[in-house]
Amino acid sequence: MRVSIIMGSISDREIADKVVKKLKEFDVHYEVKVISAHRALDLLKNYVENAQEESEVFIGIAGKAAHLAGVIAGITTRPVIGIPVKSSLMDGLDSLLSTVQMPSGVPVATVAVNGGENAAILAVQMLSLKDQELQRKLDNFKKTMAEKIKNTEYRYEG
């Protein structure tokens with residue numbers, strides 16, 4: 001296993017599915033769990049401590065009181081990526097601030113609200129530092145994106 005994806009609740013599954021889809025495109029191994037930092041702290045701590053032997057990156061997905069990624073970062077020295085989830089409150093701003101505002105010494109790389117795809121790509125970039133094949137796949141991914149933009153023609157005439 002190389003990336004551990006932890007959702008705060010099953011309602012975050014749509015975002016986790018985006019992460020998984022992108023990781024599969026890069027042939028990166030992953031595991032997905034649902035563990036609430038608030039409701040099952042001991043379970044989360046046990047999982048992270050054991051998973052860090054195989055996982056090189058953790059992704060925490062949470063909305064509202066979105067402390068999951070920060071709690072993960074407090075347990076492990078592995079890189080942690082937080083995905084704030086849009087909730088019914090403040091269009092996800094509350095989740096974003098809960099994820100990004102970390103105390104000194106406990107960093108969490110945070111992507112956009114509902115930014116599952118970017119979290120996966122960031123994890124792949126981290127993993128590619130030690131994996132030449134993954135770096136090659138990333139290079140191809142970026143080139144393909146650029147080609148799509150070059151080949152997209154939009155014309156507006158008034």
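**Entry 1: the binding site in the record.** I began with UniProt, where an unreviewed entry lists Ser9, Asp12 and Arg39 under "binding site". I then checked these names against the pocket search, and the lining of the largest pocket takes in Ser9, Asp12 and Arg39. A reminder to myself: I am working with a predicted model.

**Entry 2: the pocket itself.** How much space lies in the largest pocket? I noted about 310 Å³. Its lining is made of 17 residues.

**Entry 3: Asp12.** Next I looked up where Asp12 sits, and I found it in the loop that links β1 (3-7) to α1 (13-25). Is Asp12 buried or exposed? Its relative accessible area is 5%, and buried means under 20%, so Asp12 counts as buried. I then looked for its contacts, leaving aside neighbours within four places in sequence. Asp12 is in contact with Met7, Ile61, Ala62, Gly63 and Val85.

**Entry 4: Arg39.** My last stop was Arg39, in the loop between β2 (30-34) and α2 (41-51). Its relative accessible area is 73%, and the label exposed applies over 50%, so Arg39 counts as exposed. I put the pair side by side in my notebook: Asp12 is buried, whereas Arg39 is exposed.

Conventions:
Residues are numbered from 1 along each chain as its sequence is written. This is a predicted model: local features need pLDDT of at least 70, side-chain atom pairs count only at pLDDT 80 or more; totals for chains, interfaces and linings use all residues. Side-chain values use heavy atoms; hydrogens and water are left out. On a 1 Å grid over the protein atoms alone, a cavity is a set of points where a 1.4 Å probe fits but cannot get out, and a pocket is an open set with protein on both sides within 12 Å along at least five of seven lines; lining residues have an atom within 4 Å of a point. Grid points are joined across faces, edges and corners, and a volume is the space filled by probe spheres set on the points. UniProt positions are given in the numbering used here, feature names are shortened, and annotations may be inferred rather than shown by experiment. Helices (H or I, at least four residues) and strands (E, at least two) are DSSP runs, numbered from the N terminus. Buried means under 20% relative accessible area, exposed over 50%, partly exposed in between (1.4 Å probe, protein chains only). Contact means heavy atoms within 4.5 Å.
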